[in-house]
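Subject: Handing over the structure

Hi there,

Here is the structure I promised to pass on to you.

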Amino acid sequence: MTGWRQSRAVALVAIAVFLTVQLIIPIGRYGNFEVTQRFGWQMFAGFVPAPQITVVTSDGEHPVVLDDYMAWPRADIDIVRYLPAHLCEIVPDVQSVRWETGSLEC
Amino acid sequence: MLSPLTQSISSRPLGLVRVIIGVAALLRSFVALRVLLEISEPEVVHIPYLDWTPSPSVPLIVLVISVWMVSSILFTAGWRVPWSGGALFLAIVSTLASDQQAYSNHLYLMAWLVLLLIIADAGAGLNLARTNRPVFRWTVLLLMLQLTVVYGFSSLTKINDEFLSGMVLAGVMRNGVLQFPETLRTPAFLSSLALAVVTLELLLAVGIWFRKARPTVFVAGLGFHIAITLLMSTTVELFIFSIEMLALYPLFLTQESLVVVWDDECDSCFDWVSRFRRFDVLKTLHVVGKSSDSNPIPAEEVERSLHLIHQGETTSGFKAVTGVLEHLVPTLWFASILRVPGISHLAERWYRWQAARRSCPVALRSPVTP
């Protein structure tokens with residue numbers, strides 16, 4: 001058996017670090033237990049509706065199917081921060097991208 | 001008071017966890033490959049944690065997943081676990097770090113489990129070299145704490161109006177392998193179910209530490225994981241998550257020997273004990289024949305039924321069989337169901353019926369050793 005594992009001090013430090021990273025950081029970072037976030041264990045604790053995004057082209061407004069442009073549209077991703085700019089780049093003839101709380105002119 | 005932390009214990013349960021997590025990691029590599037390849041497609045948005053991180057290229061993905069697959073196989077086999085586990089850990093972490101869409105709680109959990117198994121020297125037992133070095137209790141304790149943290153955190157975060165209303169469950173219990181009955185999709189039932197989920201997760205987090213509650217916890221945990229895997233839509237991910245969590249259960253079993261006292265002149269007893277020995281992966285059984293000098297039970301009682309001496313308690317008949325099954329692989333995950341009233345009564349009657357039909361004496365044989 002490796003020597004360092006025999007130390008009680010190492011054991012106590014390891015347990016303290018483990019619990020800090022696993023519990024205190026997620027709680028401290030997000031301030032509460034309820035939010036669906038990464039690096040915690042809030043599994044299916046809340047329901048975050050996916051944003052309704054549409055692209056506007058010269059022939060009208062078209063709803064965006066998130067799965068067509070995302071590998072995994074997780075609830076903990078700020079989708080409207082990243083996806084509209086990407087849609088401006090790749091959708092042909094796009095003029096703007098709209099969602100419930102904002103829009104982006106391309 | 002702190003000396004139990006550095007006490008040395010058997011590495012076999014830890015080795016069993018390593019084998020199961022290694023297999024789960026191999027399965028998960030196929031999901032990672034699919035997700036990463038999708039992210040690399042030009043139509044799909046790249047969502048890095050840091051803006052300057054490049055989008056993963058196909059050659060890089062193939063390299064990472066190849067390392068992941070090979071290292072998970074070596075890790076499962078117990079080959080140089082610090083190295084194979086280290087490579088596996090790096091492959092998982094680089095996948096997690098490549099894009100926010102590659103994150104999932106069960107993958108994050110897998111990274112933790114692999115890291116904790118490396119720290120715990122999980123290659124010490126159940127390995128290709130057939131060695132069995134003891135490990136330190138505190139390293140195993142970290143893995144046990146991991147189970148409680150996951151269930152406990154998950155339960156406490158569900159104590160909110162939205163979840164307790166049943167709305168979240170109504171949303172996630174769709175398109176599973178089994179369809180949730182539409183007649184039960186009522187606010188009252190879903191709300192009660194939500195409360196039951198919160199309570200159950202808390203029971204799993206805490207109850208597993210108590211010996212008396214453990215059989216119930218094992219069966220409840222198995223039922224819970226089967227239910228979420230079959231009823232919820234993200235089946236593959238939940239299957240892997242369930243494997244990860246159930247893999248940790250054997251760490252909570254006592255390492256104290258189970259003394260099985262059997263009638264070594266009886267044919268059916270011989271068959272029972274041979275089967276026990278074959279599935280005694282954790283090597284917790286200590287088998288004592290009726291005619292042995294170390295047999296503490298009167299011979300006429302042993303002739304009537306099998307006896308189990310464990311943690312100061314002596315049980316006999318099917319109760320003893322159940323006690324043994326609760327420490328064997330794979331029955332340890334579901335054997336406690338045999339304690340349910342009704343089932344235990346029927347099983348005991350069946351055992352007595354079998355015992356009455358046994359053929360004795362048998363030619364002197366020793367139970368098989370694995």
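Below are my notes, going from the contact of the chains to the domains, the helix pairs and the sheets.

Before anything else, please keep in mind that this is a predicted model.

**Where the chains meet**

Let me begin with chain A against chain B. Chain B brings 39 residues to this contact, and chain A brings 34 residues. Which elements of chain B give two or more residues to the side that touches chain A? They are helix H1 (12-40), helix H4 (105-119), helix H5 (137-157), helix H6 (161-164) and helix H7 (167-172) of chain B. Of these, H5(B) gives the most, with 10 residues. If you sort the residues on that side of chain B by class, you get 23 nonpolar, 10 polar and six charged.

**H5 and its partner in chain B**

H5(B) is also worth a look from within its own chain. It packs with helix H8 (residues 187-207) of chain B, the axes being 8 Å apart and the angle about 155°. How are these two helices oriented to each other? An angle over 145° counts as roughly antiparallel, and H5(B) and H8(B) are therefore roughly antiparallel to each other. The crossing in which H5(B) passes H8(B) is left-handed. On the H5(B) side, the contact is made by B:Thr148, B:Tyr151, B:Gly152, B:Ser154 and B:Ser155. H8(B) answers with B:Val198, B:Glu201, B:Leu202, B:Leu204 and B:Ala205. By class, the residues of this contact are five nonpolar, four polar and one charged.

**Two domains in chain B**

Now step back to chain B as a whole. Its domain assignment gives domain 1 (3-252) and domain 2 (258-356). Taken over C-alpha atoms, the centres of these two domains of chain B are separated by 33 Å. Each of them puts residues into their contact: 11 residues from domain 1 and 11 residues from domain 2. On the domain 1 side, the elements that give two or more residues are H1 and helix H9 (214-231) of chain B. H9(B) gives the most to that side, with five residues. That side of domain 1 has nine nonpolar, one polar and one charged residues.

**H9 and H10**

H9(B) turns up again in another helix pair. Its axis and that of helix H10 (residues 235-248) of chain B come within 8 Å and cross at roughly 165°. With the angle over 145°, H9(B) and H10(B) are therefore roughly antiparallel to each other. Is their crossing left-handed or right-handed? The crossing of H9(B) and H10(B) is right-handed. H9(B) makes the contact through B:Gly221, B:Leu222, B:His225, B:Ile228 and B:Thr229. From H10(B) come B:Thr235, B:Leu238, B:Phe239, B:Ser242, B:Met245 and B:Leu246. The residues of this contact divide into six nonpolar, five polar and no charged.

**A sheet in chain B**

Chain B also has an open sheet of four strands, in the order S4-S3-S5-S6 and with mixed pairing. Strand S4 (285-289) and strand S6 (313-316) of chain B have a single partner strand each, so one side of each is left without a neighbour in the sheet. Ignoring direction, neighbouring strands here are turned by 20° against each other on average. Strand S5 (residues 307-310) of chain B pairs with S6(B) in the antiparallel sense, over four bridges. To find your way around that pair, look for B:Leu308, which stands opposite B:Thr315 in S6(B). Helix H13 (residues 317-325) of chain B lies across strand S3 (258-262), S4, S5 and S6 of chain B, and runs at about 115° to S6(B).

**A sheet in chain A**

Strand S3 (residues 94-99) of chain A runs antiparallel to S4(A), and four bridges join the two. A:Trp99 stands opposite A:Gly102 in S4(A).

Enjoy exploring it!

Best wishes

Methods. Residues are numbered from 1 along each chain as its sequence is written. Chains are lettered from A and ligands numbered from 1 in the order in which they are written. This is a predicted model: local features need pLDDT of at least 70, side-chain atom pairs count only at pLDDT 80 or more; totals for chains, interfaces and linings use all residues. Two residues are in contact if their C-beta atoms, placed from the backbone, lie within 7 Å. Ala, Val, Leu, Ile, Met, Phe, Trp, Tyr, Cys and Pro count as nonpolar, Asp, Glu, Lys and Arg as charged, and the others, Gly among them, as polar. Axes are lines fitted to C-alpha atoms, for helices over the stretch in contact, and angles run from 0 to 180 degrees between N-to-C directions. Angles under 35 degrees count as roughly parallel, over 145 as roughly antiparallel, 65 to 115 as roughly perpendicular and the rest as oblique. A crossing is left-handed if the near helix is turned anticlockwise from the far one by less than a right angle, and right-handed if clockwise. Domain bounds come from an automatic or database domain assignment. Two strands pair if DSSP finds at least two bridges between them.
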